[in-house]
Amino acid sequence: MVDIEKLADEAEVIVQGYAFFRKGDGIHIIDLHRPTNYAHFSKDELVKTNMDDIEAFKVTKLYRNNVKYME
């Protein structure tokens, strides 16, 4: 079982229920409402996800609008 509070505490940024983490050379985003859903961005491109197309589109927009707050 995933500990949502721990994920939220460790996240660098949380936007609309999505937690942003720096992982290696990219950004890993986890849906806190469904923590098994994730997206991984590298060099500003979505490279891996298990989200459906609509959620992946939404997360891509969130990433582009909020990644600047991780610096």
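**View 1. The exposed side of helix α2 in a predicted model.** D53, I54, F57 and R64 are exposed on this side of α2. The model is predicted, not experimental. F57 sits in helix α2 and has a relative accessible area of 55%. The cut-off for exposed is over 50%, so F57 counts as exposed. L46 is eleven residues from F57 in sequence. Their C-alpha atoms are 9.6 Å apart in space.

**View 2. The buried face of helix α2.** The buried residues of α2 are E55, A56, V59, T60, L62, Y63 and N66. Seen down the helix axis, they fall within an arc of 165 degrees, so they line one face of α2. An α-helix has 3.6 residues a turn, so residues three or four places apart point the same way.

**View 3. The length and N-terminal end of helix α2.** Helix α2 has 14 residues. At 1.5 Å a residue, α2 should span 20 Å. The C-alpha atoms at its ends are 20 Å apart, so expectation and model agree. D52 caps the N-terminal end. A side-chain oxygen of D52 lies 3.1 Å from the backbone nitrogen of I54.

**View 4. E55, a buried residue with a polar contact.** E55 belongs to helix α2. Its relative accessible area is 7%. The cut-off for buried is under 20%, so E55 counts as buried. The side chains of E55 and Y18 form a polar contact of 2.9 Å. Leaving aside neighbours within four places in sequence, E55 contacts Y18, D31, R34 and N37.

**View 5. The aromatic pair of F41 and Y63.** The structure holds one aromatic pair. The ring centres of F41 and Y63 are 4.1 Å apart, and the ring planes stand at 0 degrees, so the pair is stacked. The limit for stacked is under 30 degrees. The pair links distant parts of the chain. F41 lies in strand β4 (residues 38–42), and Y63 lies in helix α2 (residues 53–66). The two are 22 residues apart. F41 is buried at 1% relative accessibility. Y63 is buried at 4% relative accessibility.

**View 6. The hairpin of β4 and β5.** Strands β4 and β5 run antiparallel and are joined by four bridges. F41 stands opposite L46 in β5. Two residues lie between the strands of the hairpin. Here K43 takes a positive phi near 55 degrees. D44 is found in the loop between β4 and β5. The phi of D44 is also positive, near 65 degrees, in a residue other than glycine. Most residues other than glycine have a negative phi. D44 is partly exposed, with a relative accessible area of 48%. How many of the five residues of strand β5 (residues 45–49) are buried? The number is zero, so β5 lies largely in the open.

**View 7. H28 and its contacts.** H28 lies in strand β3. At 13% relative accessibility, H28 is buried. The side chains of H28 and H40 are joined by a polar contact of 3.4 Å.

**View 8. Q16 in the loop between β1 and β2.** Q16 is exposed, with a relative accessible area of 55%.

Technical notes. Residues numbered from 1 in each chain as written. Predicted model: local features only at pLDDT ≥ 70, side-chain atom pairs only at ≥ 80, totals over all residues. Heavy atoms only, no water. Phe/Tyr/Trp six-rings, centres within 6.5 Å; stacked < 30°, edge-to-face > 60°. Buried < 20%, exposed > 50% of the residue type's maximum accessible area, 1.4 Å probe, protein only. Pairing = 2+ DSSP bridges. Expected span 1.5 Å × (residues − 1). Arc of directions from axis to C-beta. Polar contact = N/O pair within 3.5 Å; in protein donor to acceptor, adjacent residues only side chain to side chain. Contact = heavy atoms within 4.5 Å.
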